[in-house]
Amino acid sequence: MITSKQLLLGATGWALIAALMGCGGATRVKLYVFDGGTLHVPDPARFQLKKEDVGATDLSVTCFLVVHPKGTLMWDACAVPDGEWTPTGSPVKHHLTLPDSQQRDITITTPLGSQLAAAGFSPKDITYLALSHYHYDHTANANPFAAATWLVRGNEHDAMLREPAPDVTRPLTYRDLRTSKAVIIGTDDYDVFGDGAVVIKAGVGHTPGHQMLYVKLAQTGGVVLCGDLYHYQAEHTLDRVPTFEFNADQTRASRKALDTFLQQTGAQLWIQHDLEASAKLKKSPAYYE
Ligand SMILES: [Zn+2]
C-alpha cells in the first residue's frame, strides 16, 4: 500500500530529478546571434547625436535565431541579401543605394545562410519569421524565410506592402512575404509559443508597427532585443530620438514602457545596433541558453 507520505516523497523526487536533468519548469530555449556586419555612420546627426556623444559612430547589424522545443523563430534578417555579394573569407565593403537614393556602406564577412547552417539550421527549418520593423537593414534576407509564418503587426504589414513603400526600405528583399502565411498581431504582447519564454512586444514609434523580442533564457536570464527603439546607448542616457521616426512621441512612450518592463523583470537590454556591445556577444554556432 502506498501512503500519502510516500506519494509526496515520490513527487518531490521526480521534481528533483527533472531539475537535475534541466527539464523541470523552465523551458530550454537557445538564442543564436548572427553577425550582419558593420554599418558605417560617419556622423550620427540623424540620431540627434554628435560624434563626441557616442563611443563609436558605426553601428553593428545583428539578427537572431530562437530555438524553442515547439519551434524556431528568426528575428530580423540583417542588412545585405546573401545573393548580392560574394564572400572572400575577409571583410567585404558593400555599397547600397536605397530606392529613395540614400547611400549606405556596410562591411560584411559571412553570409547569413552560412551562419545559420553553422548552427545546424536552414531556412526550411524556421517556423516563424518576425522583423523588428521594415527598414532595409532588418529585412535583407526575409525572402528565404517566406515559407515560415510571418508574425507582424497590422499597420506594419500594410505599410510594407503598399506602394510606394515607406522610406529606408527595400521592398524587393521582402516581396515573397506577400504570399507567406501571416499572423497579424493585435495585442501589445504576443506569446509566440504559449509559455511566456518568447514574447514579441510592441515598441511602436520608429515605424508604425515596430516591435521588440523578449526571450527568457534559463541560464542567461531575460533578454530584450529592442530592434531600433535604440541604436546607441547615448539615446537612452541623453534622451535623444532619431530624426526619422514615424512618430517620436510614440517612441518616447515605448521607451518608457520598456524601462518599466526591464525594471520589473530584471531583463537585459540588447541594443542590436550597439557596435561595442554586439562585438562582445558570442556568435553562432555558439549560443545563449
Ligand atoms: Zn536598423
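Select serine 278 and everything around it. Leaving aside neighbours within four places in sequence, Ser278 is in contact (heavy atoms within 4.5 Å) with Ser60, Thr62, Ile271, Gln272 and Lys283. Serine 278 is found in helix α7, residues 275-280; helices (H or I, at least four residues) and strands (E, at least two) are DSSP runs, numbered from the N terminus. Serine 278 counts as buried because its relative accessible area is 5%, where buried means under 20%, exposed over 50% and partly exposed in between, with a 1.4 Å probe and protein chains only.

Before moving on, note that this is a predicted model, in which local features need pLDDT of at least 70 and side-chain atom pairs count only at pLDDT 80 or more, while totals for chains, interfaces and linings use all residues. Residues are numbered from 1 along each chain as its sequence is written, and side-chain values use heavy atoms, with hydrogens and water left out.

**Stop: the zinc ion**

Select the zinc ion next. Which residues are its protein donors? They are Asp137 (OD), His138 (NE2), Asp228 (OD) and His273 (NE2), lying 2.1 Å from the ion. Donors here are N, O and S atoms within 2.8 Å of the metal (3.2 Å for Na, K and Ca); water is not among the atoms, so sites may look incomplete. Along the sequence, the donor residues follow the spacing D-H-x89-D-x44-H.

Display the angles among the four donor atoms: they run from 88 to 160°, and the site is irregular. Four donors count as tetrahedral if all angles lie between 85 and 135 degrees; four count as square planar and six as octahedral if opposite donors are over 155 degrees apart and all others between 65 and 115; anything else is irregular. For reference, ideal angles at a metal are 109.5 degrees for four tetrahedral donors.

**Stop: the disulfide**

Select the cysteines. The whole structure has one disulfide, a disulfide being a pair of cysteine sulfur atoms within 2.5 Å. The link joins cysteine 63 to cysteine 78, with an S to S distance of 2.3 Å. The angle about the S-S bond is -90°, and the link is left-handed. Cysteine 63 sits in strand β2 and cysteine 78 in the loop between β3 and β4, 15 residues apart, so that the pair links distant parts of the chain. Both ends can be checked for accessibility: cysteine 63 is buried at 0%, and cysteine 78 is buried at 4%.

Now pick cysteine 226, which is in no disulfide. The nearest cysteine sulfur to that of cysteine 226 belongs to cysteine 63, 15 Å away. Cysteine 226 has 0% relative accessibility and counts as buried.

**Stop: β1, β4 and β5**

Show the cartoon and select residues 92-97 and 103-108, which are β4 and β5. These strands pair in the antiparallel sense over six bridges; two strands pair if DSSP finds at least two bridges between them. Histidine 94 has isoleucine 106 in β5 as its bridge partner. Between β4 and β5, which form a hairpin, are five residues, and serine 101 in the turn has a positive phi of about 75°.

Threonine 38 stands opposite threonine 107 in β5.

Proline 91 is in the loop between β3 (71-75) and β4. What does proline 91 touch, leaving aside its neighbours within four places in sequence? Its contacts are Thr107, Ile108 and Thr109. Proline 91 is exposed, with 57% relative accessible area.

**Stop: the nonpolar cores**

Select Leu65 and Met74. Of the 46 residues in the largest nonpolar core, these two touch the most other members. A nonpolar core is a set of buried Ala, Val, Leu, Ile, Met, Phe, Trp, Tyr and Cys residues joined through side-chain atoms within 4.5 Å. Elements giving two or more residues to this core include β1, β2 (59-68), α2 (112-118), β7 (149-153) and α4 (154-161). The largest share, five residues, comes from β2.

A second, separate core has 24 residues, among them Phe64, Trp75, Ile185 and Val215.
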